[in-house]
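User: Hi! I'm new to looking at protein structures and would like to learn how to read one. Can you walk me through this one?

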Amino acid sequence: MMMNGARALIESLKNENVEVVFGYPGGKIVSLYDALYLADFPHILTRHEQGAAHAADGYARSTGKVGVCIATSGPGATNLVTGIATAYMDSTPMVAITGQAPTRLIGKDSFQEVDFRGISTPITKHNYLVKNVQDLPKVIKEAFFIAKTGRPGPVVIDIAADVFDAALDYRYPKQLELRGYKQLFAGDVKVLRSVVEELNHTKKPLLLLGGGVIISDTSSEIRRFLNKTGIPVTSSLMGLGAVPFSQPLYLGMIGMHGSYAANMAVSNCDLLLGIGVRFDDRVTSLVKEFAPKAKIVHFDIDPAEVNKNIRADLHVISDLKWSLPNLLAEIEDNEINLSEQWRDWQAELKQWQEFRPFSYEKRNDVIMPQQVIETVSEKFRGEAIVVTDVGQHQMWVAQFYKFFQERTFLTSGGLGTMGFGLPAAIGAQIGNPHKPVVLFAGDGGIMMNCQEMATVADLNLPLKILVMNNGVLGMVAQWQRIFYGGRLSHTTLKGRTDLVKLAQAMGLTGLRVTDPQNLRGTLEKVWHTEGPVLVDIAIPANEDVLPMVPAGASLDQMIYGG
C-alpha cells in the first residue's frame with residue numbers, strides 16, 4: 001500500500017500494538033503530527049519533552065509494555081536525554097522517536113540540528129538515523145524488538161524530516177534477522193545443579209532480589225521458590241514489590257538506607273543468591289566487605305553484569321523465566337528439604353528484625369514523613385501504584401510503605417533523577433486508568449517538572465500528589481548536617497512558591513496540612529476528591545533518613561540517630 005513515511009510510522013506503531021504515545025510537536029515532525037491527527041492515534045501532549053520521556057518510562061514500568069515518546073530535532077531531542085538515561089539505567093523498554101534535519105542538510109549545522117545519534121549512544125541500548133523511507137518499517141520493527149527483549153532498554157529512532165513526506169509501498173516485516181544480537185534465554189543446567197548442591201550444604205543462605213525480577217515478570221516463580229525452600233529474602237530498591245512485605249522472613253531493603261536485619265544478614269550469610277540484581281554501589285557499599293563470609297551466586301540475563309562489581313562464585317546467565325523454574329525443578333527432583341537445616345539462621349534473623357526495625361519518633365507537634373507514608377500504606381493495602389520522585393521521601397517510602405506485588409512501586413533508582421516522579425505518575429495513570437496512582441514528591445523535586453501539572457489537569461487524571469515539604473533539598477542537606485559540619489550550602493529553599501496556589505493555577509485541587517491532628521482527615525478528603533489533587537504536607541526540616549551506611553563503610557556499620 002502506498003503511503004508517506006509519517007503514515008508508515010503510525011501503521012508500524014499499530015503493528016507493534018502501541019496504545020499511546022507521549023510527545024511534543026516541532027518543526028521537523030509536523031508531518032508526523034499531521035499523520036497522528038488524521039489517524040486519530042492516541043497521543044498525550046506533555047508540557048516538556050523531558051516530561052514525555054518520563055511519562056513513557058512510567059507507562060512502561062507499570063504495564064510491562066514498551067513506552068513511546070516523540071520529540072522534534074535539536075532542543076526537542078536533547079530535552080529527552082535525561083529521560084532516556086533514566087530508562088537506560090533502570091532497564092526500561094522505551095522507543096524514542098525524534099525528528100532530524102532534512103537529509104541534504106544533515107552535518108551542516110542547520111537550524112535545530114544536533115547529532116542525536118551520537119549524543120544518545122552512551123545511554124541507549126541501540127539507536128538509528130533513518131535517511132531512506134524504505135528503511136523505516138524495518139527499523140521500527142527492530143527497535144521495538146531490541147527494546148523489549150533480553151535486558152530491556154531504550155532505543156532511539158532519529159528520522160530525517162524529508163523521510164516523513166517521502167512515499168513508499170508499505171509492508172511491515174514479519175520476521176527479523178539481527179546480526180550480532182542474541183536474545184539469550186536458556187542457561188546451563190549443570191550450573192543450576194551446582195547451585196542446588198550449594199543450597200544443600202549451606203547453613204545461612206540469603207536471597208537478594210533486584211529489579212530484574214520485576215522486569216522479567218518472575219515474581220510468581222520467586223514466591224514458589226520461597227514457599228518451597230523457606231529461604232530468607234531481601235531486595236534492592238528496584239526489587240521492592242517482587243515479594244509481599246508479609247512474606248515470612250522478608251527482611252526488607254538492603255543497602256545505604258536498608259534495614260538492620262537485611263544488612264546484617266548480607267554481612268553474615270554463607271551463601272548469597274543475587275537474582276536480577278546489578279550489585280550497584282548503593283546496595284554493596286564497601287565492595288571488599290560485601291557478603292564477606294558468603295559464596296555468591298549471580299543470576300542475570302546480561303553477561304556484562306557478571307563480575308562487574310562483585311565477583312561471583314557461580315553465575316547463571318539466562319532469562320529468569322528459564323532459570324527460576326528449572327532451579328525449582330532441580331530442587332524438587334532431588335527431594336531436598338532445605339528449610340529444616342536453617343532453623344538457627346532463621347531464629348537469628350528474627351532477633352535482628354526485632355532488635356532494630358525501621359522506626360521514628362512519634363510527635364504531636366509536627367507531621368512526621370514516615371507517619372504520612374504509613375497512613376497511605378494502610379489506606380491502599382497494596383492496591384495503589386506508588387510513584388516517587390528522588391530524595392529523602394523516596395527512601396522513607398522504601399522503608400515504611402508495605403508493598404504486596406510487582407509493578408506497584410516506580411522510582412528512579414540507577415540515575416536518581418529528580419523531576420522523574422510527576423511525569424512518570426502520568427504515564428502510570430494512563431497505562432492503568434482503573435488503579436489509584438499516588439505520587440510522593442519533595443518540595444525540591446516537584447518543581448523540576450511542575451509544568452506537567454497542566455498535563456494532569458487537562459486530562460483530568462485522578463492522580464493524588466503528596467508533597468513532603470520541609471523547605472530544604474532534604475537528602476543533600478542531610479549529608480551536609482552529618483558530614484559537613486551542618487553547613488547548609490544552597491540547600492535551603494527560601495522561595496515564596498505557594499504549592500497549593502500553583503496547583504490550583506494549573507487546574508488541580510490544592511490542599512495544605514500542617515497539623516498532625518488534621519493529617520488523616522485531610523488525606524481522606526484527598527481520596528474522596530474527584531480528579532487530580534495536590535496536598536502540601538509540612539514536615540520537619542531536620543528529619544534524617546536512618547539508618548544510613550556512610551560512604552566507605554561496610555553494610556554492618558550503619559549509623560542511627562539519637
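User: Let's start with strand E12 (residues 271-275): how many of its residues are buried?

Analyst: Before we dig in, keep in mind that this is a predicted model. Here, "buried" means under 20% relative accessible area. In strand E12, five of the five residues are buried, so the strand is largely enclosed by the rest of the structure.

User: Which way do the residues of E12 point?

Analyst: Leu271, Leu273 and Ile275 point one way, while Leu272 and Gly274 point the other way. Both sets are buried.

User: OK, what about strands sitting side by side? Which strands does E12 join, and how do they run?

Analyst: Here's the general idea: strands of a sheet pair through backbone hydrogen bonds, either parallel or antiparallel. In this model, five bridges link E12 to strand E9 (residues 205-209), and the two run parallel. Pro205 is the residue opposite Leu271 there. Another five bridges link E12 to strand E13 (residues 295-300), again running parallel. In E13, His298 is the bridge partner of Gly274.

User: In what order do the strands of the sheet come?

Analyst: The sheet is open and has six strands, in the order E11-E10-E9-E12-E13-E14, with parallel pairing. Strand E11 (250-253) and strand E14 (314-317) are at the edges with a single partner strand each, so one side of each is left without a neighbour in the sheet. From one strand to the next, the twist averages 15°. Out at the E11 end, two bridges join that strand to E10 (residues 233-235), in parallel. Val233 stands opposite Tyr250 in this pair.

User: Which helix packs on the sheet, touching E9, E10 and E12?

Analyst: That's helix H11 (residues 219-229). The direction of H11 makes about 170° with that of E9.

User: And how do I read a nonpolar core? How many residues does the largest one have?

Analyst: Generally, in soluble globular proteins, nonpolar side chains tend to be buried together. The largest nonpolar core in this model has 67 residues, and those with the most contacts inside it are Leu207, Leu273, Ile275, Tyr401, Phe440 and Leu466. Helix H14 (residues 320-333) gives the most to this core, with six residues.

User: What is Ile275 in contact with, leaving aside its neighbours within four places in sequence?

Analyst: Its contacts include Leu207, Val213, Ile222, Phe299 and Leu324. There's also a second, separate core of 38 residues, with Ala6, Leu13, Ile97 and Val130 among them.

Key. Residues are numbered from 1 along each chain as its sequence is written. This is a predicted model: local features need pLDDT of at least 70, side-chain atom pairs count only at pLDDT 80 or more; totals for chains, interfaces and linings use all residues. Side-chain values use heavy atoms; hydrogens and water are left out. Buried means under 20% relative accessible area, exposed over 50%, partly exposed in between (1.4 Å probe, protein chains only). Helices (H or I, at least four residues) and strands (E, at least two) are DSSP runs, numbered from the N terminus. Two strands pair if DSSP finds at least two bridges between them. Axes are lines fitted to C-alpha atoms, for helices over the stretch in contact, and angles run from 0 to 180 degrees between N-to-C directions. Contact means heavy atoms within 4.5 Å. A nonpolar core is a set of buried Ala, Val, Leu, Ile, Met, Phe, Trp, Tyr and Cys residues joined through side-chain atoms within 4.5 Å.
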